[in-house]
Each structure stands twice: as structure tokens, then as C-alpha cells.
Amino acid sequence: MATTQAAKLNTTPGSPERVERRERPEWLQKLLDYPARARTFLHEVRVEMKQVTWPSRTEIRSTTLVVILTTIFFAVFLYAVDQLAAWGVTRFIKMSGQ
């Protein structure tokens, strides 16, 4: 025996059953979800930052010194190569012009 129940609908204006829920546009949904996504992002950043192994002061000094000395070395080397190339080009132009 099948029994059916009929639900009485309240059809008065403004009743919650009468209001149809429309889907929000995608851009509006993304805009409304932004605070929750930002909170999630910041939480994940905090978790990852706790896992970072930070270098000691001694390690920072030594690696900084290596970077500075390497930069100076290559600056001098490239200056010398540039001067040598300029001298060679000048010499070639003088030789081919006469």
C-alpha cells in the first residue's frame, strides 16, 4: 500500500518556500569566497614558515662574503676581457685601415 503525503505550500508573498534561489555568478562567488581563501592561505604560510630551517649568523656572514668576493672577481675579470677585446678591435681596425 503506497501512501502519499501532500505538503501544503504557503503561497503568500515573501514566504521562504516561494523564493527561488538563483545561482550566483562565478565572479560574485569568487569575490565572496575571497576572505575564506585569504585566511586559508595565511594559515598555510604560517605552517610552512614553522618548517623553515633558518641559517645561523655565522652561515649568513660566510655565504655573504663568498657572494661579495665572487662578484668582485667576476667584475674584474669581465673588465679585463672587455679591455682586451677593445684593444684587439682597435688594433684590427688600425691594421685593416692602412
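Start with the salt bridges: a search of this whole predicted structure finds one. To see it, select Glu 26 and Lys 30 and show their side chains, which meet at 3.6 Å, N to O. That distance falls inside the cut-off of 4 Å, so the pair counts as a salt bridge.

Why can these two side chains reach one another? Glu 26 and Lys 30 are four residues apart in helix H1, so about one helical turn separates them. An α-helix has 3.6 residues a turn, so residues three or four places apart point the same way. Side chains of opposite charge can pair when their charged atoms come close.

Keep the pair selected and colour by relative accessibility. Glu 26 is at 57% and counts as exposed, while Lys 30, at 48%, counts as partly exposed.

Next, select all of H1, residues 26-50. How far apart are its end C-alpha atoms? They lie 35 Å apart, which agrees with the 36 Å that 25 residues should span at 1.5 Å a residue.

Now centre on Tyr 34 in H1, where there is a kink of about 45 degrees.

Finally, zoom out to the protein chain, which has two helices and zero strands. Switch to a surface view: the chain exposes about 10,300 Å², and carbon and sulfur atoms supply 63% of that area. What share of the 98 residues is buried? Buried residues make up 1% of them.

Definitions and conventions. Residues are numbered from 1 along each chain as its sequence is written. This is a predicted model: local features need pLDDT of at least 70, side-chain atom pairs count only at pLDDT 80 or more; totals for chains, interfaces and linings use all residues. Side-chain values use heavy atoms; hydrogens and water are left out. Buried means under 20% relative accessible area, exposed over 50%, partly exposed in between (1.4 Å probe, protein chains only). The expected span of a helix is 1.5 Å times one less than its number of residues. The bend at a residue is the angle between axes fitted to the seven residues ending there and the seven starting there. Accessible areas come from the Shrake-Rupley method with a 1.4 Å probe; for residues, only the protein chains shown count as cover.
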